[in-house]
Amino acid sequence: MAAPEEQELSQAQTEKLLQFQDLTGLESMDQCRRTLEQHNWNIEAAVQDRLNEQEGVPSVFNPPPTRPLQVNTTDHRVYSYIVSRPQPRGLLGWSYYLIILPFRFTYYTLLDIFRFALRFIRPDPRGRVTDPVGDVMSFIHSFEEKYGRSHPVFYQGTYSQALNDAKRELRYLLVYLHGEDHQDTDEFCRTTLCSEEALTFINTRMLFWACSTSKPEGYRVSQALRENTYPFLAMIMLKDRKMTVVGRLEGLIQPEDLINQLTFIMEANQTYLMSERLEREERNQTQVLRQQQDEAYLASLRADQEKDRKKREEQEQKRQEEENNARQSILAEERRRRTLEEEKERKSECLPPEPPLDDPDSVKIVFKLPNDTRVERRFLFSQSLAEIHDFLFSLKETPEKFQIVTNFPRRVLPCLPMEEQPNPPTLREAGLSRSEVLFVQDLTDD
């Protein structure tokens, strides 16, 4: 006896269940059914999802909930390049440095104390990201107002979106965190980031994402990348199937040095990127091949199903035709039987009355029917044999077609009109005596 779960499946679902098991090679019918139910019994989606799972790539048809893409920052092979501020030179330089040092120290110390105390009064508003795209667009607008439109092309989206695009396109992602209060920020933006050679190099080689750390989105990225000083740049790429920071540039850096450092990082990691591209290409080719095989299998399956459908339609049409023919036969038989009954009633009503027993012209006839029933009736010698036939025809026990036969000598009475004798003879002309026994023979099968 089938399990209740299997009894609830329709015929179409059962066929899909068997097809899915055949395509994926899964032995557990319960697992096959759960997978199909998750995909609303879409067999193409379920098969593709199973293939993705076997290859270790995210599901195409049921992607996981959107969340920020994690970046690997713990790789000890991350290339770091930190530029220290130049030391003062000469007596004038050292004098200016020593004079300014107490003021700078006091300013930044008080600023840090103020920020630290402010955290106890109210939470840092940057800790809650509510409009990440708005944060990025606001930074781009303020950057262009201050430094002009000649700059690398900013990625106009969130940090997570930039990571996803870089991963999907297998490109480098250069992240710039803008520290508005840092003393080197203005010089870096004007002389390095907005220089013609730097922006040309960045625009042609990588994606570029930037945001101010004063914005919630920039602050969140700052907490993830943990920069030490500003200006801060991080090079991120897909490495070992993870988005990984492969280079960090911190401090004021000149355009030529920036290009050299970025080139060095790219060349050092080019093999990883090429490996990822080759692996993805092989994966795509395997996926395309499997998809083509699945499409060919499904096309063959659909062709077989179409043949089965046409065969079922032909069988159904044949069955309906047979049912229609049988129904027509039943209706025809019913009409014939009703017509026969009406004819019997009409013949019975048209029969002349039976003559009295003492009528000298009467003939007593005993009829033996095919079902061994005996029927007796009187007729007149002057009556036609056709009236004898009509009498027998009106009886319910009499077959539809019959003939009347005498016993000795055996002869068939001509009760019906014939071509050579249109008017049947009378009883006297047929040679019947005053008392006769006649036999009724069934001619229906004949």
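This is a predicted model: local features need pLDDT of at least 70, side-chain atom pairs count only at pLDDT 80 or more; totals for chains, interfaces and linings use all residues.
**Reading the helices and salt bridges**

User: Which residues of helix α3 are called buried?

Analyst: In helix α3, residues 29-38, they are Cys32, Arg33, Thr35 and Leu36. Their arc around the axis is only 160°, which puts them on the same side of α3; the arc is taken from the directions from the helix axis to the C-beta atoms. Asp30 and Gln38 are exposed on the other side of α3. The cut-offs are under 20% relative accessible area for buried, over 50% for exposed, and in between for partly exposed (1.4 Å probe, protein chains only).

User: What makes methionine 29 count as it does, and what does it touch?

Analyst: Methionine 29 lies in helix α3, and its 28% relative accessibility makes it partly exposed. Not counting residues up to four places away in sequence, methionine 29 touches Leu17, Leu18 and Gln21 (contact means heavy atoms within 4.5 Å). Leucine 18 is eleven residues from methionine 29 in sequence, with 8.6 Å between their C-alpha atoms.

User: How do you know that the buried residues of α9 line one face?

Analyst: Helix α9 (residues 196-205) has Ala198, Leu199, Phe201 and Ile202 as its buried residues. Seen down the axis of α9, they fall within an arc of 160°, so they line one face of the helix. Glu196 and Thr204 are exposed on the other side of α9. The buried residues of α9 pack against β3 (172-178), α8, β4 (206-212) and α11.

User: Why are α9 and α11 called roughly parallel?

Analyst: Their packing angle is about 20°, with the axes 9 Å apart. The axes are lines fitted to C-alpha atoms, for helices over the stretch in contact, and angles run from 0 to 180 degrees between N-to-C directions. Angles under 35 degrees count as roughly parallel, over 145 as roughly antiparallel, 65 to 115 as roughly perpendicular and the rest as oblique. The two helices are therefore roughly parallel to each other. Among the residues that make the contact are Phe201 and Ile202 of α9 and Leu258 and Leu262 of α11.

User: What makes aspartate 186 and lysine 146 a salt bridge?

Analyst: Their N to O distance is 3.2 Å, and the definition asks for a side-chain nitrogen of Lys or Arg within 4 Å of a carboxyl oxygen of Asp or Glu. Aspartate 186 lies in helix α8 (residues 185-193) and lysine 146 in helix α6 (residues 132-147), so the pair ties together parts that are 40 residues apart in sequence. Both count as partly exposed, aspartate 186 at 33% and lysine 146 at 46%.

User: How many salt bridges are there in the whole structure?

Analyst: The search finds 23. One of them joins arginine 149 and glutamate 144 at 3.4 Å, N to O, and arginine 149 counts as exposed at 69% relative accessibility. Another links lysine 347 to aspartate 390, with the closest N and O atoms 3.5 Å apart. Lysine 347 lies in helix α11 (residues 255-350) and aspartate 390 in helix α12 (residues 385-394), so this pair ties together parts 43 residues apart in sequence.

Terms used:
Residues are numbered from 1 along each chain as its sequence is written. Side-chain values use heavy atoms; hydrogens and water are left out. Helices (H or I, at least four residues) and strands (E, at least two) are DSSP runs, numbered from the N terminus.
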